[in-house]
Every structure is written in C-alpha cells, then in structure tokens.
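Please find below some notes for a colleague who is meeting this structure for the first time.

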Amino acid sequence: MTSSAAIERKLKREIAARKAAESLLEAKSLELFNANQQLEVALKQVEQRSEASFKRLEFQQQVERILIQFGRTFLRSNLDDVLLTDLVKQLTEAAADICYCIELTDNLIPTLKNSHFESPRMIDSDENTGILQASIPIQVEQKNVGKLIVGLAGEDFDLTFIESQMSLVCELLSSSITRQLINLRLVKSKERAEASERSTREFLAMINHELRTPLNGLLGSVELLADTNLQGVQQELHSNLSQSGQLLRSIINDLLDFSKIDAGMLELIESTFKWSSLQSTLCSIFENKAAEKQIGFSIVADGLENKSLTGDLERITQIFVNLIGNAIKFTDAGCVTVTLTSQVDGIGFSVQDTGIGISQSAQTKLFQPFTQADRSSSRNYEGTGLGLAICKRLVELMGGSISLTSELGSGTIFSGFLPLEVVEVNDGVPVTSHHDPVAKDFSALKVLVVDDIKMNQVVITKMLSKVGIVPDLAVNGLEAVEHATKQQYDIIFMDCRMPVMDGFEATKRLRDASYAKPIVALTAGTTREERQTCYDVGMDDILSKPYTAKDLTLTLSKWGQVPA
C-alpha cells in the first residue's frame, strides 16, 4: 500500500515535470520564432540600406564622370544649345527617377539660341503624386543668371543629397559662363582698341594730307617767288613769308610727329649716310640764324671725319635741329657749340649754349609734351613745347639716352648718346647722297603730273619748267590711266588721295596693264604703313609733300631716263 502510493506520487511528479518542460520548450520555441522574425526584418532593412548606399554611390560616380567630361569640353568650347542639351540628357540617364531643367537668362551669351533645356520626362511637383522638386541657382559675378530645377519621383534618394550633387553641376556652369563672358569682354575690348587704333591712323593720315597739301602750295609758291624779280619791300615781305612758312612747317611736323609717336605709329627707316652731309645740312640751317643774332655757332666732330653713320637720317636730323634751334633761340650773347664723339657702340653728343638757362623746377618737366619754361602771355620765346619731348622720344626709340644740365643765367648743356653704327666712308658701303643732282638736260622727258589741287599743279608745273619740262596734267586717277594708256611717259608723278579714282587704284590698274615706266608718289603721308601702301601697289618712289625744286630735280635724276 505504501509502496503503491509512493510510485503514484513519483509518477505524478514526472508527469508534472514533463508538462513543465513542454511548457518551457513551447515558450522558448515561441521566443526563438520571434527572434527569427526580428532577425529577418533586420536583415531586410540592412539589405535595403546597402542597396540605397550602392545607388547613391553609383549616382555620385556618374555625376563625377559627367562633371569631368563636360569640364574638359567647356574649357575647349563655348556653351551652346547642343552642349547643354547633351548635359541634361546625360544627367537624366544617370538615374531613372530624376529629371532636370536648366533655365538661363535670355541673351546671356551669343552662342546660346535657347534659354530653356529640360529632360524629356520633366514632371511638375504635386502633393498628390509625391513628386519632390528643388531649384538650385546659377550665379555669375554674384548675380543669378539662371537655375537648375530637379524633380525627384522615386524613394531611392533624398532631396538634400540630390541638391548637393547638382550644386556641383551649377558651379561648373557658373565657371563656364563666367569664362565665356570674360572672353567676350576681352574680344569687345580688343575690337574697340583696334577700332580706336584704326580711327587714329585714319585721322592722322587725313590730317597729314589736309595740312601738308596746302603747305606744299604755300612753300612751293614762296620758293618760286624767289626766282622772280623782287625789289625792296617785296624782298622783305618774301623773306617774312618764307620764315613764317618754315615755322608753320616745323610746328605741323612737331604736332604730327608727336601724335604718331604717341600712337605708336612712328617707325625708324635706316640708311647709311655721310656725317659730312649731315653736318653740312645743320650748318646751312643755323649759321645764318646765329649770324643774325650775332652769336657764335660751331660743330666739333671728334673722330667722325670721313665717317658714315647708319640710322634714320631724317629723325637724327630732327633731333639736332630741335636741340640746336632751341639753343640759338634762347641765346642772346656768346655761342652755341655742338660736340660729337665717336664711341664704341655709337656716338656721344652735346649741345651747349650760353643762353638764359633753365630753373631747377622747370628742368623736371622740360621733356614733357606742351611744356615751356615760360608760359605767360608776355613771354619772349614762342613755340609749341613739343620739340624736346619729341627729341627724348626719338632718342629712346633709337635705344639712346638724353639729359641736361643747366643754371639760370649761365646756359644749358643737352648731352646724350645714340647707338649708331660708325663706318669708314671708303669701305664700299652705299651712302645716301644729299648733294645737288648732276646737271642734266631733262627737256626731252615726257612727264605726267596727276594732282587734283590746282595750286599744287601750278607749283610742280613751274618747278618742272625750270628744267625745261612741260608736263601733261590729270586731275584724278581715271584721267591718269587714260593718258598713260594712249602714250608712254618717262615718269609719272601720282598724287595718292584724289576724287573719282585715287592714285593707289590708278597705279594698280597701270601695273596690271603692264605699264613699266616709273611712277613716283606725291603724298603727304609719312607713316610706314602709308608709304608701304605706295610700294605695294607698284609705285617706284615717294616724293613727300611739301617738296622743293631740289627734291623734284633729284627725283628726275634718279628715275627720269633721258631719251638718247
């Protein structure tokens, strides 16, 4: 009985323990199931995050590739409709659920015909459809010149991330537009500068012609008048007229030369010439002027006897004429001495006078244009104030130097250096001649003069009559072509600027028609460009206005082949 009860109790305990174990097992199984469910959810979330990160990374790489590609393209080419359309297309292909639209200010840059570029599937934002839209400004020089609109339809990207990527595209567009606008401004500035330079050249060419043409008539008439029978008061008036004409010529030359130097249009024309020829020219100009003021004048050339110099003779003469002319003008007693010395790389020079001197305050401004030591209305010495400014610029253009020392009441010394090549006269180097032409009988020459100004026709006709020539006359290039077509002339003197047909076109037509006789330009043009045009159309030489009878005879000696 007791044993049986014990077994029964044990059995109950085992049954209870088994039930408890089953309950525990069931609870643990449920807990494990729940844990598995949570794990699966977590795994799915991780997978989703990894896929989104991969898409973000892939999109970012696509944008970087597009930035590099178009960055290089924009450096080589200007923005145009094709490039911007292609940019929008490639951005659209980078992600299927993003669309774009680029809007720029109308007429921003000339190469853009349109100002609106968008994806083919551009979708407007709508609260019901869930489309998100953002607008990123395109700024140039701190001004909004357009915007990039982004439409986001999917859930793979957040709008903040897309905006950060598209801001890089906007920066690329901004830099490209800025660079192109800068280039456009530079092009316009260059065009304005070139237009200004052309206007300056055209103005100088025109003013050269307009001033020198009547001056040619004036000085030519004065020269011809000297050969007539003048008496008493007439001779005095002729002398006054001649001096005034030469002064006017000097002033016009100074003004025109300074304008050409200031515009960078004056160029040096080198030749080899005898020093003795230059010295003779300077003495012929200033010995009488010095004698009139009863002051001494001398030129001392140390080491330049029987030597030749290589340089621009006209401009070298102009330098010394200005310096010596000033020295004589401001010297009332004593002397003016010009000293030249041969040096290793050129010549040193000084022009010393015993004149009124220059104050220290005036010396600092003396080489500036339009500057005079005395500007008062009661001053004793006239002038434009350009002579010394031109001297300094001409010397510097040659690569030389000039300076001065002066003391009030004791005189002034201008000294400097010109890098001119010094050679022996007898070394076979061709030397420019400025002596009188060899006497010839020019009366058999057939000459055609082409000039539209009646006064200039009279002057050159009278000058030619002095050597026995009676020229034919034409008033424009068309008449000149007709004359020269009917008969051969030994020499044609051709004015350059004329109505109906200018001298350039007339010469070109004659050369095209195989006209081979010499044609000499009659021109007031003094720039290299104008002179080169004469040679380019086929002219053989240039006789610059105003010219003298001696200049005309030298030209006849050079080009007029006297018939046997």
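This is a predicted model: local features need pLDDT of at least 70, side-chain atom pairs count only at pLDDT 80 or more; totals for chains, interfaces and linings use all residues.

1. In which helix is the place of L554? L554 sits in helix α13, where helices (H or I, at least four residues) and strands (E, at least two) are DSSP runs, numbered from the N terminus. With a relative accessibility of 29%, L554 counts as partly exposed, given that buried means under 20% relative accessible area, exposed over 50%, and partly exposed in between, for a 1.4 Å probe and protein chains only.

2. Residues are numbered from 1 along each chain as its sequence is written, and side-chain values use heavy atoms, with hydrogens and water left out.

3. On the overall make-up: the protein has 564 residues, of which 39% count as buried, and it contains 13 helices and 17 strands. Among contacts (heavy atoms within 4.5 Å) between residues at least 6 apart in sequence, 70% join residues at least 24 apart.

4. On the nonpolar cores, each of which is a set of buried Ala, Val, Leu, Ile, Met, Phe, Trp, Tyr and Cys residues joined through side-chain atoms within 4.5 Å: the largest has 46 residues, and those with the most contacts inside it are F297, L323, I324 and L340. Helix α6 (residues 313–329) supplies the largest share of this core, namely eight residues. Apart from it lies another core, of 39 residues, which includes F59, A94, F161 and I177.

5. On F297 in particular: once its neighbours within four places in sequence are left aside, F297 is in contact with L282, C283, F286, E287, A290, I324, I328, V336 and V338. One of these partners, I324, is itself listed with F297 among the residues with the most contacts inside the largest core.

6. On the packing of two helices: helix α3 (residues 159–226) and helix α9 (residues 454–465) pack at an angle of about 35°, with their axes 9 Å apart; the axes are lines fitted to C-alpha atoms, for helices over the stretch in contact, and angles run from 0 to 180 degrees between N-to-C directions. The crossing of α3 and α9 is left-handed, a term used if the near helix is turned anticlockwise from the far one by less than a right angle. On the α3 side the contact includes T213, P214, N216 and G217, and on the α9 side it includes M455, N456 and V459. The residues of this contact divide into six nonpolar, six polar and two charged, where Ala, Val, Leu, Ile, Met, Phe, Trp, Tyr, Cys and Pro count as nonpolar, Asp, Glu, Lys and Arg as charged, and the others, Gly among them, as polar.

7. On helix α13 (residues 549–559): its buried residues are A549, L552, T553, T555 and L556. Seen down the axis of α13, these residues fall within an arc of 155°, so they line one face of the helix, the arc being that of the directions from the helix axis to the C-beta atoms. What covers them includes α3 and α9, together with the strands β15 (491–495), β16 (519–523) and β17 (541–544). In the loop between β17 and α13 lies P546, and the peptide bond from K545 to P546 is cis, with omega near -5°.

8. On two residues in loops: Q294, in the loop between α5 (275–292) and β6 (296–302), has a positive phi of about 55° although it is not a glycine, and at 73% relative accessibility Q294 counts as exposed. N306, found in the loop between β6 and β7 (307–311), likewise has a positive phi of about 55° without being a glycine, and at 62% relative accessibility N306 counts as exposed.

9. On D81: this residue is placed in helix α2 (residues 81–94) and, at 15% relative accessibility, counts as buried. Not counting residues up to four places away in sequence, D81 touches T111, L112, K113, N114 and F117.
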